[in-house]
Amino acid sequence: MAKPKVATTSLAGCFGCHMSLLDIDDRILQLVDLVDFDKSPIDDKKHFDGPVDIGLIEGGCCNEENVRVLQDFRTHCTTLISVGDCATMGGIPAMRNGIPLAECYAEAYLNGPSVHNPSGEIPNDPELPLLLDKVYPCHEVVKVDYHIPGCPPPADALWQALVALLTGKPLALPYELIKYD
Amino acid sequence: MADGMTITIDDRTISAQPGQTVLEAAQAAGIYIPRLCHREGLTPGGACRVCVVLVNGRPQSACTLPVTPGMVVENDSPRMHEHRKRIIEMLFVEGNHFCMFCEKSGNCELQALAYRFGIAAPRYPYQFPRRSVDASHPDIFIDHNRCVLCARCIRASRDLDGKNVFQFVGRGVHKRVGVNARARLVDTDADVSDAAVEACPVGAILKKRVGYAVPVGMRLYDHAPIGADIEAEAKA
């Protein structure tokens, strides 16, 4: 029987949650025995070419590309998990949510104390994904099956959640592994 | 037995004294009724509704309701858990609660309630309101992003400090804690040693220059849930 497949991605996140996954230490060897990685920065696979059992989403949606990737994950993953505070509540990027987009652009490209931009233009190359009006948690964009909060979630939380899902046990994290910081 | 009475909480019969609230009687018997706006030493407010229990089948806030003989209270049941979880979730989406960098994280009663109820993510859409920070005072600041409108600071300042520094202004979603000055906290009598500063359950009113003093793993709610101390007394 083929091993279950796991895909991961980082949307509007800092890759800290992926670091936390690596923080399971030598259990990473057991993980490699348990699963195959599909589309993920861990193996640098860029595209899905079939269904995947578990998708781990780090980061919320701050731009149109994030939304497309998240929808792609939802389409291909049987179980989708929001990993970390950015995916579950927007996180640090969502601090801009009370501020109009035009003010964010002006601060980033025109008025910020370290900005050097003699042309006074705000980048608008078609290659650049358009920002959304605000940063959205993943479950406000697609259906998400589980949430693992934390900034980042403890490595043990990720490990226990994966093992529970892979062995068909209920995913119930103990008190000390549900943390928002 | 002239003054005593008994009440029933979740099929447990406990004794209670006249003048006690349901919450106090339960606590004296080692039963934890979750609460947020209630704080010992302050006049009960009944503001947050986290402590709502069913008394003879009707929802009542346990922090304000006096005991009466023979009352039947439902506290620790699936439907009451669900009710409280939803209130806590609403409090999270209504403000801007960025636990990951908040000085109060680990010692925050709102966060601790969410941990106790095992909330991984709220089921309501986040509102992300635009709120202000008043850092004008040299020793304390108010971050309205984190305020849950529990009125603890208002009651503590009025009843314990005798200062009336804080009061509510506005209505509905515009309601917020205002200060008793034209605009800023620095223009009030507020002092870093005020009971009102200690009374804040979240990170809305904080002392300056003392944040993050306790390392992760040694904070109030890192290992044991909020209310565990009350429940431990029952077992002892």
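The model you are viewing is predicted. In general, the strands of a sheet pair through backbone hydrogen bonds, parallel or antiparallel.

**Stop 1: strand 5 of chain A**

Select residues 77-83 of chain A, which form strand 5. How many bridges pair strand 5 of chain A with strand 7 of chain A? There are three, and the pairing is in the parallel sense. To find the place, pick S82(A), which stands opposite H147(A) in strand 7 of chain A.

Now turn to strand 3 of chain A, which pairs with strand 5 of chain A over six bridges, again in the parallel sense. Strand 5 of chain A is mostly covered, with five of its seven residues buried.

**Stop 2: helices on the sheet**

**Stop 3: a cis peptide bond**

Follow chain A from strand 7 (146-148) towards helix 6 (155-166); P152(A) lies in the loop between them. The bond to look at joins C151(A) and P152(A): this peptide bond is cis, with omega about -10°. Most peptide bonds are trans, and most residues other than glycine have a negative phi.

**Stop 4: two positive phi values in chain B**

Move to chain B and select N56(B), in the loop between strand 3 (52-55) and strand 4 (58-61) of chain B. Its phi is positive, near 50°, and the residue is not a glycine. Is N56(B) buried or exposed? N56(B) counts as exposed, because it has 11 C-beta neighbours inside 10 Å and the cut-off for exposed is 12 or fewer.

Then select R209(B), another residue that is not a glycine, with a positive phi of about 70°. R209(B) sits in the loop between strand 10 (205-207) and helix 6 (228-235) of chain B. R209(B) is exposed as well, with 8 other C-beta atoms within 10 Å.

**Stop 5: where the chains touch**

Show both chains together. The contact takes 24 residues from chain A and 17 residues from chain B. On the side of chain A that touches chain B, helix 4 (85-89) and strand 7 of chain A each supply at least two residues. Which element gives the most to this side of chain A? Helix 4 of chain A does, with three residues. By class, this side of chain A has 11 nonpolar, eight polar and five charged residues.

**Stop 6: chain A as a whole**

Finally, zoom out on chain A, which has six helices and seven strands. Read from the N terminus, its elements run β-α-α-β-β-β-α-β-α-α-β-β-α. Its C-alpha atoms fill a box of roughly 60 × 35 × 30 Å along the principal axes. Chain A has 181 residues, of which 39% count as buried. Among the contacts in chain A with a separation of 6 or more, 77% are between residues 24 or more positions apart.

Technical notes: Residues numbered from 1 in each chain as written. Chains lettered and ligands numbered in written order. Predicted model: local features only at pLDDT ≥ 70, side-chain atom pairs only at ≥ 80, totals over all residues. Helix = DSSP H or I, 4+ residues; strand = E, 2+ residues; numbered from the N terminus. Buried ≥ 20, exposed ≤ 12 C-beta atoms within 10 Å, placed from the backbone. Pairing = 2+ DSSP bridges. Contact = placed C-beta atoms within 7 Å. Nonpolar A, V, L, I, M, F, W, Y, C, P; charged D, E, K, R; others polar.
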